[in-house]
Protein chains: 2
Amino acid sequence: MTKPMLKGNAVVGQAGGPTAVINQSLVGVIQEVQKYDHITHLLGARHGIKGILQNEYIDLKRQPTEMLELVACTPASALGSTRYKPKDDDFERIVDSFRRNDVRYFFYIGGNDSAEAAQIINKMAQDRRYDLRVIHIPKTIDNDLLVTDHCPGYGSAAKFVASAFIGDNLDNRALPGVKINILMGREAGFITAASILARQREDDGPHLIYVPERPFTVEKFIRDVHEVLDRFGRCLVAVSEGIRDEKGVLWTQKIVEEMGKRGGSNHIVEKDSFGHVQLSGTGVLADYLAGVAKIELSQVRREARVRADTYGYLQRSFPAWSEVDAWEARLVGQMAVSYSLDTDQDGSVALVRLPGTSYACGTHLVPLEAVAPATEPKTKKLPDEYIAPEGNYINDQFLVYVGPLVGNLPKAGWFEQVTPGRPYGARR
Amino acid sequence: MTKPMLKGNAVVGQAGGPTAVINQSLVGVIQEVQKYDHITHLLGARHGIKGILQNEYIDLKRQPTEMLELVACTPASALGSTRYKPKDDDFERIVDSFRRNDVRYFFYIGGNDSAEAAQIINKMAQDRRYDLRVIHIPKTIDNDLLVTDHCPGYGSAAKFVASAFIGDNLDNRALPGVKINILMGREAGFITAASILARQREDDGPHLIYVPERPFTVEKFIRDVHEVLDRFGRCLVAVSEGIRDEKGVLWTQKIVEEMGKRGGSNHIVEKDSFGHVQLSGTGVLADYLAGVAKIELSQVRREARVRADTYGYLQRSFPAWSEVDAWEARLVGQMAVSYSLDTDQDGSVALVRLPGTSYACGTHLVPLEAVAPATEPKTKKLPDEYIAPEGNYINDQFLVYVGPLVGNLPKAGWFEQVTPGRPYGARR
């Protein structure tokens, strides 16, 4: 260590959309801080930046272990979260508040918006020569943060989606038809791609997977569905909420605008405080695709049973998780504290996959600018090599990436015996 | 026994919407039949009545135990299901087919439509003096079958909903606002009512619960939401897909008709083959209620974050279950075979809750007419005593009914410490 260890208080906060394991990271921070004396108070900011601005904290350093372990296994941000985007003078107030409260460590659990906020706070403290260690702790179900191999929170969302598709595939096998599921992922297809983990038999769904990284056209979609129906007599489809047309316009936006023009409801989609179109929680894309598929398919086929669901917030809030994800979320919290003591570098904790045949991950500290850069791209997309050339499916090599993050999945049983003349569990 | 034991083959089939534990009942039938010699072949009809009509069967009697146990723990009908409603001449063909295949036992796992089909087949066999034992085995996630204390399948759906609300309540606590979830239950509020199991703290959601048994008006809904927001600063709402207005018209139908009039999409809702309006899988009710709430609330409040989800098919297909439900589903399958041997009565297996302080259930055989009567009511509603007088909540005594059917639920942890002046976990 080149500098003496900073003495004072620490603040920890949670921001953005919660995940199933975000409290693991919080508890990782708390338990690591509990080991050291030079941090006097660990202040848990209520609702992230908002709590810092309003001086609302919970003292976390002396919380009992039993309760901490229960909190760690509780989904959604135990401190409360926020979507508030701080303004310039907010940042000044934050640094002033830190100085007033003798805060020398700031741990911020969040996505790239939070990394950017951490970076601004860090820079402002430096400019004012206020000695402050700022460590960003990654979380997002979207898995779209730069640098890190994957984001804590993603594995659990992927596991929920894969589990849900296992059940939905069995349901679709029992009552054959077309089933469309809309999945989260505004810009990146990672969550949607995880549906491929549901495949246990050759003819299992999802049979078609559409991600935001490839343009989506209704004509191609209908052709794809016809092909799958011809082959398997049923069709299970995974569609990202963020699919766009060939001009890059969000399909949800197109549909809502069309409904608005025709005098239909125009208050379904709104913009959030970051200026993104708010997709989650609206069923229009599911209903539209199901409606279109029904009309198009019924012109050719006698039976066209089409259903659609939007998985919605369950993807981040359902109280179940991947064990690996929970473990890694704890790890990045612990390591954030560890890095803050060992170096005078600020930064973001990144997971790095260790080379070798079986799965193992370590961490390293990367500059905040690497996770929240000033220029595009600011987030990660699903890499090209994972997307099938036709743009309607995911390559098997994605399983190597995502499999270990999700862990064990429910295994389906079935009767192998086949009635002559009618394939049951036909080979693809 | 007054008659000698019937020798011949048996047919088992699964019908209607699958559940998470419907294969437990199937495996219960198979394992019980495996004990006896007088049933030569146990024929599993592929897709229920359809398989019987098309002579498509899987021979189930000699399936290995290990595989059966895996199938038992697999959601959705392993034999395939059907929504096909048999016509008069179909029934004649079924009885002819049974005679041709020397089928003397028919076990049909399904809801009240299946009980009705079983009853018609039974009567027709009697009229033709063909000796046939017909036993209906109950399943439905809606829990709306007459006579039985509850339906196998319901406990697992209730557990999914309760678990989902536990997560969603935590999410709503982390990012406060109004969250509306639309739940299955076309006629009966049992599934929606199960959301109340999510309450662990006094201020936990769901804060409002609307079931089809009470008329729903937007005015009352908005008043209710305002009240909850005033009290808790957030509001989690459970709404049944089957809510109706004061004239008894389905809200989903009203909304779609209104959209149609205004030139919007009119292909979202369709009728299924039983003539019911098909609600599941359409997001219009969620989007409409969220849209209306946003507009109404924003006229009074500065912030009005409103989100809505439709849980959809996950309620019946998610690969997780209540242990009690799985056990009872196995039991009713086993008992169906047992009743078919011990008596010459045909009927439906009903669960009966045994009196006493702790939970235990037995079975008895009830006449098919009792489960599928010729006159209304043909299904069960959520009893009045479970619904709060205001029609917007569920009484605690429902917990006594539903609790044992669901079993253990994830437990949430939280920090008890309160920042002065700001209640965290305020008492209701």
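Predicted model: local features only at pLDDT ≥ 70, side-chain atom pairs only at ≥ 80, totals over all residues.
**Entry 1**

I then laid chain A on chain B, and a turn of 180° with a shift of 0.0 Å along the axis gave an RMSD of 0.0 Å. That is how copies about a two-fold axis are related.

**Entry 1: the shared surface**

Next I looked up who touches whom. I found 83 residues of chain A in contact with 84 residues of chain B. Of the interface residues of chain A, 100% are also interface residues in chain B, so the two copies meet through the same surface. I noted a buried area of about 6,600 Å² between chain A and chain B, with carbon and sulfur atoms giving 59% of it.

**Entry 2**

How many salt bridges does the rule find across the interface of chain A and chain B? I got two. The one I wrote down joins D171(A) to R316(B), with their closest N and O atoms 2.8 Å apart.

Then I checked which elements of chain A supply the side that touches chain B. Those giving at least two residues each include α1 (22-33), α3 (65-72), α10 (284-298) and β9 (306-310). The most comes from α6(A), with nine residues.

A reminder to myself before the list: most peptide bonds are trans, and most residues other than glycine have a negative phi. Here are the exceptions I noted.

- The bond from G205(B) to P206(B) is cis, with omega near 5°. I located P206(B) in the loop between α7 (190-193) and β7 (208-210) of chain B.
- The bond from E376(B) to P377(B) is cis too, with omega near -5°. I located P377(B) in the loop between α13 (368-371) and α14 (397-406) of chain B.
- R129(A) is not a glycine, yet its phi is positive, about 55°. This residue sits in the loop between α5 (112-127) and β5 (133-138) of chain A. Its relative accessibility is 77%, over the 50% cut-off, so I call R129(A) exposed.
- N55(B), again not a glycine, has a positive phi of about 55°. I found N55(B) in the loop between α2 (49-53) and β3 (57-59) of chain B. At 42% relative accessibility, N55(B) goes down as partly exposed.

How values were computed. Residues numbered from 1 in each chain as written. Chains lettered and ligands numbered in written order. Heavy atoms only, no water. Least-squares fit on C-alpha atoms with pLDDT ≥ 70 in both. Contact = heavy atoms within 4.5 Å. Buried area = accessible area lost by both parts, 1.4 Å probe. Salt bridge = Lys/Arg side-chain N within 4 Å of Asp/Glu carboxyl O. Helix = DSSP H or I, 4+ residues; strand = E, 2+ residues; numbered from the N terminus. Buried < 20%, exposed > 50% of the residue type's maximum accessible area, 1.4 Å probe, protein only.
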